[in-house]
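Look at the model shown here and follow the description from a pair of helices to the domains of the chain.

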Amino acid sequence: SNPSLLILAGDGIGPEVMTEVKRVIDWFGAKRDLAFDVEEDLVGGAAYDKHGTPLHDDTMAKALQVDAVLLGAVGGPKYDALDFSVKPERGLLRLRKEMDLFSNLRPAQCFDALADFSSLKKDIVAGLDIMIVRELTSGVYFGEPRGIFEEGNERVGINTQRYTESEIDRVARSAFELARRRGNKVCSMEKANVMESGILWREVVQKVHDTDYPDVELTHMYADNGAMQLVRAPKQFDVIVTDNLFGDILSDCAAMLTGSLGMLPSASLGAPNADGRPKALYEPVHGSAPDIAGQGKANPIACILSFAMALRYSFDQGDEAARLEAAVEKVLADGVRTADLLGEEGVTPVSTTGMGDAILA
Ligand code: NAI
Ligand code: MG
């Protein structure tokens, strides 16, 4: 039977960019004999409108069954006043939590044609291709105790950085596995100089390396230095593995080395199942972009490249992923631009569909 995909287009520009991804999926079925069983469902505000919850239990159950989930974006001003428990983002958080997606892959890749877009000098970013692996389900965003408490005559806000050995072990493994398919280099970032969780992080990553991945080059770096190095000389890195908080910040920083939010894909992976496929959710980094929703202006590339990541990491179709990425690269080199990529004068932007057309062609 065909590999299965659950598409959750969500809100705002989510459905618009996903329409282009569906055309790409159909193309692979028709032209490359690579067909998927695709199911679609609601998430975020769209699910709230229909079911009063941002993720219906049936949708959650489907997500746990399929080979991969592809998500557009959730949220929008219409839902800003909703109670925290039913906010669109909660749908996404529930997916990540129940699928136990502990490894968040954020590539920062610089397409030559867009090198002028970087906040950095062209020669620092041209040809850049790094991958940040962020631990996604633990650390300071989840550790207990947490809260705002009374202490004497004032309040104190508390969050707790907490990592178990097994949590560090599994995300380290996913980084080493990834490195073997890329440049075979991992740099692990923490603050072992001032944090016990950082000391344990460094120890466990080193042990996983020495035991099972001695062939991969491993270095350690303090995360603050890592931030500097990312901006100074990002091409020194291949795979960076780091915790939830540092990964949040470092991956946003790395993203801006390469230009527009409309270009950035991501993958969130869990534990491999019996056939070796990890639980997986693929989504663009950007949100629902209410300011341009419904105008046909959204750049579908981030979502299309997220599907390319699905081809590579869920379906072992690295060659087909590269084919799709090469099509994106070609279109950019040809000067095709959605409005968010406009820098040069005299270029007329294409619509979301226009960009999809160019990539398919
Ligand atoms: P956003 O990513 O939606 O938009 C930020 C800016 O980038 C906007 O000016 C937007 O027009 C532009 N942009 C984003 N994606 C684009 C694309 N594909 N093509 C062209 N331009 C693009 O972030 P913002 O404005 O902070 O949040 C808007 C809504 O999205 C909020 O409700 C927020 O909660 C939600 N959100 C959802 C995320 C998700 O579903 N994973 C992630 C981030 C925000
Ligand atoms: Mg962030």
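H10 passes H11 in a left-handed crossing, a crossing being left-handed if the near helix is turned anticlockwise from the far one by less than a right angle, and right-handed if clockwise. This is a predicted model, in which local features need pLDDT of at least 70, side-chain atom pairs count only at pLDDT 80 or more, and totals for chains, interfaces and linings use all residues. Residues are numbered from 1 along each chain as its sequence is written, while chains are lettered from A and ligands numbered from 1 in the order in which they are written.

Helix H10 covers residues 301-313 and helix H11 residues 318-333; their axes come within 7 Å and cross at roughly 160 degrees. Axes are lines fitted to C-alpha atoms, for helices over the stretch in contact, and angles run from 0 to 180 degrees between N-to-C directions. Helices (H or I, at least four residues) and strands (E, at least two) are DSSP runs, numbered from the N terminus. H10 and H11 are therefore roughly antiparallel (angles over 145 degrees; under 35 is roughly parallel, 65 to 115 roughly perpendicular, the rest oblique).

On H10, the residues making the contact include Ile301 and Leu305, and on H11 they include Ala321 and Val328. Residues are in contact if their C-beta atoms, placed from the backbone, lie within 7 Å.

The chain is divided into domain 1 (1-104 + 261-361) and domain 2 (129-256), with bounds from an automatic or database domain assignment. Between their centres, taken over C-alpha atoms, lie 26 Å. In contact are 11 residues of domain 1 and 10 residues of domain 2.

Technical notes: Two residues are in contact if their C-beta atoms, placed from the backbone, lie within 7 Å.
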